[in-house]
Amino acid sequence: MRETFWTLAALISHWRRRPGNLATLVLGLAIATALWSGVQALNAQARKSYDAATAAISGGGGRTLLASRGGLFDQDLFVKLRRAGVEVSPVLEGAAQIGEQHIHIIGVEPVSLPRHSPIAHSRRRAEVLEDFFSDRGRAFAAPQTLRRLDLAEGAQPRTARGRQLPPLAALAEAPPGAVVVDIGVAQRLLDRPGKLSRLVIVDDEALDEDRLKRVAGDALRLVASNDESELSRLTDSFHLNLTAFGFLAFLVGLFIVHAAYGLAFEQRLPTLRTLRALGVAGPNLVAAMTLEIAVLTCVAGGAGVIGGYAIAQTLLPDVAKSLESLYGAQISESLAPDARWGLSGLVMAGAGAVLAAASGLIKALRLPPLSVARPIAWRAAHHRYLRRQAALAVLALVAAACAYRFGEGVASGFAVIGFSLLAAALFLPVALAGVLALGERLARRPLARWFFADGRQEISGLSLALMALLIALAANIGVGGMVEGFRQTFLRWLDARLVAEIYFEAATPADARDIESWARAQPDIVAILPVWRARTRIGEWPVDVVGMTPHETYTAHFPLIEAAPDVWIALFAQDGVLVSEQLARRLGVGLGATLDIPTSTQDWRARIVGVFPDYGNPKGQLRIDHEKLKRYFDDASGVHYSLRVASKATTRVVENMQRRFGGKVARLVDQSEIKALSTEIFERTFAVTTALNTLTLIVSGVALFASLLTLSDMQQARIAPVWALGATRRELAGLEMIRVIAFAAGAAVLATPLGLFMTWSLVAIVNVAAFGWRLPFQMFPTQWLVVFLIALCAAFFAALVPVARLARAAPTELLKVFSNER
Amino acid sequence: MPENLEATRESAPMLRVEGLRKSYPTPQGRIPVLRGVDFTLDAGASLALTGESGSGKSTLLHLVGALDDADSGEVILDGVALTLLSEHARAAIRREKIGVVFQQFNLIPSLTVAENLSFQAHLGGRYDAAWQKELTHRLGLAELSARYPEELSGGQQQRVAIGRALAVRPKLLLADEPTGNLDEATGDKVMSLALDLVAATGCAFLMATHSERLAARLQRRVRLDSGVLAAQ
Amino acid sequence: MSADRPNGSRECIGSAISRRSALLLALSSSGALAQGFGELGANRPGFAIPQPGTPLVFPKDHGAHPDFGAEWWYLTANLTGADGASYGVQWTLFRFALAPNSTRAGWDDRNVWMAHAAATNAGEHLFAQKFARGGIGQAGVEATPFRAYVDDWLLETRDDSAGAGIERLRVSAGDKNFAYALDLTATGPIVLQGEGGYSRKSEAGQASYYYSQPFFTADGSVSIHGRKTQASGRAWMDREWSSQPLGPDQKGWDWFALHFDGGAKLMLYRMRSVKAAPYLFGNWIDANGATSPVAREDIAIAPLETTRIADRAVPTRWRVQFESRGVDIETRPLNPRSWMGTEPAYWEGPIRFSGSHEGEGYLEMTGY
């Protein structure tokens, strides 16, 4: 203990003399931890919000009953179950719009609500009950939801459908983005009289599948609460995506830590030897070093967790908007610190620090108390190092191949990407060494020969930073290519998909009929196309069924990935059906396959005659003939329509409709609006990815800087002899700058194919698994050029300080090398 | 001199070295450095070890200082056979019973003079404030105690190293070319100081040097030649 | 003895009685049954008030009275099992109106239904409760054919003929630990309590409509912890509805329903007040159903022994004296721990009595 203490004191005294080194180390660890824990905080926040949404009603952990076909079911089923002694509580959920904001309406029944449900359990329970039962009723929303809606307590806003909400009141227990009302009120607000969306099971042990079947037939299915949340299933891939990028950033941060710790280790090596000579046993030395790392972890990791909180808070609005627009998931935008992700950040920081310091620790353990001069060791060590790098690269490549061959899903996609990046990074020094060896052989002038030879010696010191740079550059090219490719595909697809000029949703089917008959009489309106919707469920997947009418709008424009030759005839005249790409992939079916589609009455056997892309839609979609939709689905919406309008008449028609029908039109948008909306959704989805990507690049720049700073200390020893033999400092500094930029350029060149491979993996593996669609693989050479320039700039700026230091080094500094040489 | 040798045989010597052998592996095979070295050293006695460069002086010193393993033979320090000890126990011996002064001083650059001086004593749990103070004073380091090693001259650094080695009141002080990095005058001064302190602490003192002049200042001297001792 | 029991809602009684406290009582554990009943029948504008001289009409009055604030259907049975052991069962359904004209369509209905059920033997007292909203068919009471239900708990007629009353009923309830199902057959007439069914509850004039059917024979089965026994015996049904609160100072009652072995019945209750002497009321029902009110000075009841249960001291042995009929009996519970840990909580269980007369019955005590 005493020994460890004094050893630790000696070790730590080093930082007193080298605050810059300490700063780099702490900064690297803090940045790595910050990025990681920031992403963890975002994920935790989102999960908490999903859980809150379910648990606010059920109290969490329980099971619920959902309609077997998806969608809503009759309230009579609830009564039937209760009358059979099954304790369940009814819930009706649905979406409504207040002004520009979407809200989630949750109708609950307070009398039967489980006691442990947070809403029922709140201290204001009596008020909740009283208010629900009063004639005016009451609508509860979390304070942040009220703020988002910009409404005060007591306000009674109207929904876009013209229904007035009961007076609003703040209730912290209400799930974010939701308004909780009495079940009867919800049925009115959502226009779903006598309908429910789920039943929360109050008494968990009392119901099994058999009993359910005896009472309710197969109308309902029993779902465990954890996998009930379609939301969490749908958003899983989104979060995995975030995690992967967070991890990538963490890895890049670790390169900094490794570089900084490596420097400290090299600088302290004589001290370590002296300590051993003075009687510190090897294990005690390592114990002290480990203790030092633990202290660093706490300090830097703690700072990182705080930084992560800041990052998460900055990114949260974007994440929340992506999740809302993509999945309709409501995330609370006030980030609550959580011990769990803070702890996970510290654990990662500790693990990362140990990993980064591992080689130093192992060396310290094996360190003999005597310094044995080994002047010849460098070349042999260099070759050993290159051989080891190459071997590890091959190993990583094999792992990547295995992940591709045997893995499945998003995780395997990221594994492929991760191992490939690692393989390339490991191989980078080998490649650079090869180039330098070649240069050395070809060089004639002695200074040039020295330039190449000395560069080779520098590789092992710089390699980690270069690897970090390579990974960051490749990720930039890879992600940038994927996003840009997606953007172009998406916009082309939007153009093809959104042919109709106006889209509207009537408040009720009766209103729809009014508008329809009016529209037929309008000369400006060329066609009115019903796009009714119904919901069903195929296997485990919720599926939207959308109707189509035979019209040029579809037959000439509707984008299809694959189609039977007789696609439109089969669709409108036979039992043909179009499936979205996501659905086809999930169900593992393709063109020509038959599909049993649960309808209101029975299963309808249809043939798949086309597959269409449906980007951005987390749910599966079927397109069927409008007449069949009406026939098979008695709960079809009957309110969604597209209008084809004579050119330039769009604004006029929209205005006419608004004036004439007012509240009978629940939603009315023209083509440009909907395109703008879709594009915005798209941009938001990738805002976070892009932000993390940029951060990663910045971190890699810092890594390069840290490494160069490290090297510049050792540089003097290498440069002094050359200087003494007659090269100017300026000359040497210039060579150093050229060398660093050349290294960065090498990394960027290698990053391009690697980035392309990453794009391909994202497009062909990750996106397909995460979202269900596959994009065409595209290349964007201008992006590569930009990334190349970024790499050179990063190298230039990172090298600036060390090189300037070298250029201005006082001759005495260089002379010291000779007097102090060990 | 013969009286002295007589005396060492009677009472148990502080250090006894018997049949010590050591060889190093090279690509050309093992090269023997020590081929059976025997000698003893009493408490309070000093012995100079001379020899050509590469004659094995440092190797012998390292083996005696529990810094390295011998191939065979025995080093018995204060009645304890070092060769039989674990790595851990040998580290403890180094902390508590042996002071070493290196040619390169080997101070810890991030610690001040005062911290360096007391470091080994703290490490071995043998810190003694009064002795520390006396040492600092006698070595003339009081003025310098807040400085860092890189701010000291070579002679000053070596004084710190000697102080550090003696701060634990070792049973044995080892010095490996302690003045090798110093000019003659400084070296002589440092040597005088070291000898004074050795006399004051009563420890055994073994010094390797290639300087006959320096060796003459110690009580005895032996010469290492081709891996064996030749008494002089 | 119970005056110091903390009770947050007592202050509300009589004055600021609101729907909120009504709901609190119905749905939380903070109130005693007496207050629950009282407040739920609180003087709220818009509710009907019981009037003396109003004739009760059957079978219509077996059904619900949505004009009134609160109402209950109460059945207790003393049974002997095929195993020779004694059992008691209770089946109770309460209706609380949260607004006048509470019976409306669908979720707009403003009735909350509460049901308690219990099965008792000498060693066990098992109980359960249910809450439900009216309007959607989960709970309710219909007069013809008679049917009272909450979820799967039922009290309904066994007669198919139109116009049938409550002469032949079946009753069932249960939960994980207990269950019972009994057929009930009336062997005597319906008995109107008080003045032709108008029952005063205090000197101040609080009152309810109140009638009973004490002449049921019961036959069926009782399961306790899964052990099912055939059982038969006697049952007593009470019906009461009102909108009026208890007096502001009334804090609970002790209620006896006694089957004398000779065939006579005695209904007896004592309203306890914090201020005044207890308000005693009784009705002697002879074997053929003829009733005669018991004069207050003619009866005396006194606790003999208390049982410590649920942190309360509850009198579980009583002496009942009814001088003019020569009745001087001592009641003993089948199970002194017949505590209904429901919301609100109270004591209710089967008793036997001996002394001048022998017999059995049910005891209900609230407000302890």
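**Note on the predicted three-chain model**

1. C:P145 lies in the loop between β5 (139-142) and β6 (147-150) of chain C. The peptide bond from C:T144 to C:P145 is cis, with omega near -15°. C:P59 sits in the loop between α2 (33-40) and β1 (70-81) of chain C. Most residues other than glycine have a negative phi, and most peptide bonds are trans. Helices (H or I, at least four residues) and strands (E, at least two) are DSSP runs, numbered from the N terminus.

2. This is a predicted model: local features need pLDDT of at least 70, side-chain atom pairs count only at pLDDT 80 or more, and totals for chains, interfaces and linings use all residues. Residues are numbered from 1 along each chain as its sequence is written, while chains are lettered from A and ligands numbered from 1 in the order in which they are written.

3. Check confidence next. The pLDDT is the predictor's confidence in each residue, from 0 to 100. Chain B averages 84, and 94% of its residues score at least 70. Within chain B, helix α1 (residues 2-10) is lowest, at a mean of 42, and strand β8 (residues 204-208) is highest, at 92. Over residues 1-10 of chain B the pLDDT is below 50, and this stretch has 5 contacts beyond near neighbours in sequence. Two residues are in contact if their C-beta atoms, placed from the backbone, lie within 7 Å.

4. Chain C has a mean pLDDT of 84, with 87% of its residues at 70 or more. Residues 1-42 of chain C stay under 50, yet the model has 93 contacts beyond four places in sequence for them. Where pLDDT is low, the predicted coordinates should not be read in detail. For the complex, the predictor gives an ipTM of 0.87 and a pTM of 0.59.

5. Chain B has an open sheet of 4 strands in the order β2-β1-β4-β5, with antiparallel pairing. Its edge strands are β2 (29-41) and β5 of chain B, each pairing on one side only. Strands pair if DSSP finds at least two bridges between them. β1(B) and β2(B) share 10 bridges, and B:V17 stands opposite B:F39 in β2(B). Strand β1 (residues 15-26) of chain B is joined to strand β4 (residues 72-77) of chain B by 5 bridges. Here B:R21 faces B:S72 in β4(B).

6. How many bridges link β4(B) and β5(B)? There are 2, in the antiparallel sense. B:L77 stands opposite B:V80 in β5(B). The hairpin of these strands has 2 residues between them, and B:D78 takes a positive phi near 55°. B:R169, not a glycine, also has a positive phi, of about 50°. B:R169 is in the loop between α6 and β7 (172-176) of chain B.

7. Helix α2 (residues 57-64) of chain B lies across β1, β2 and β4 of chain B, at about 120° to β1(B). Axes are lines fitted to C-alpha atoms, for helices over the stretch in contact, and angles run from 0 to 180 degrees between N-to-C directions.

8. Helix α4 (residues 113-124) and helix α6 (residues 154-166) of chain B have axes that come within 6 Å and cross at roughly 30°. So α4(B) is roughly parallel to α6(B) (angles under 35 degrees count as roughly parallel, over 145 as roughly antiparallel, 65 to 115 as roughly perpendicular and the rest as oblique). The contact is made by B:V113, B:N116, B:L117, B:F119 and B:Q120 of α4(B) with B:V160, B:G163 and B:R164 of α6(B). These residues divide into 4 nonpolar, 3 polar and 1 charged. Ala, Val, Leu, Ile, Met, Phe, Trp, Tyr, Cys and Pro count as nonpolar, Asp, Glu, Lys and Arg as charged, and the others, Gly among them, as polar.

9. At the interface, 22 residues of chain B are in contact with 19 residues of chain A. On the chain B side, α3 (87-96) and α4 each supply at least two residues. α3(B) gives the most, with 6 residues. The chain B side divides into 9 nonpolar, 9 polar and 4 charged residues.
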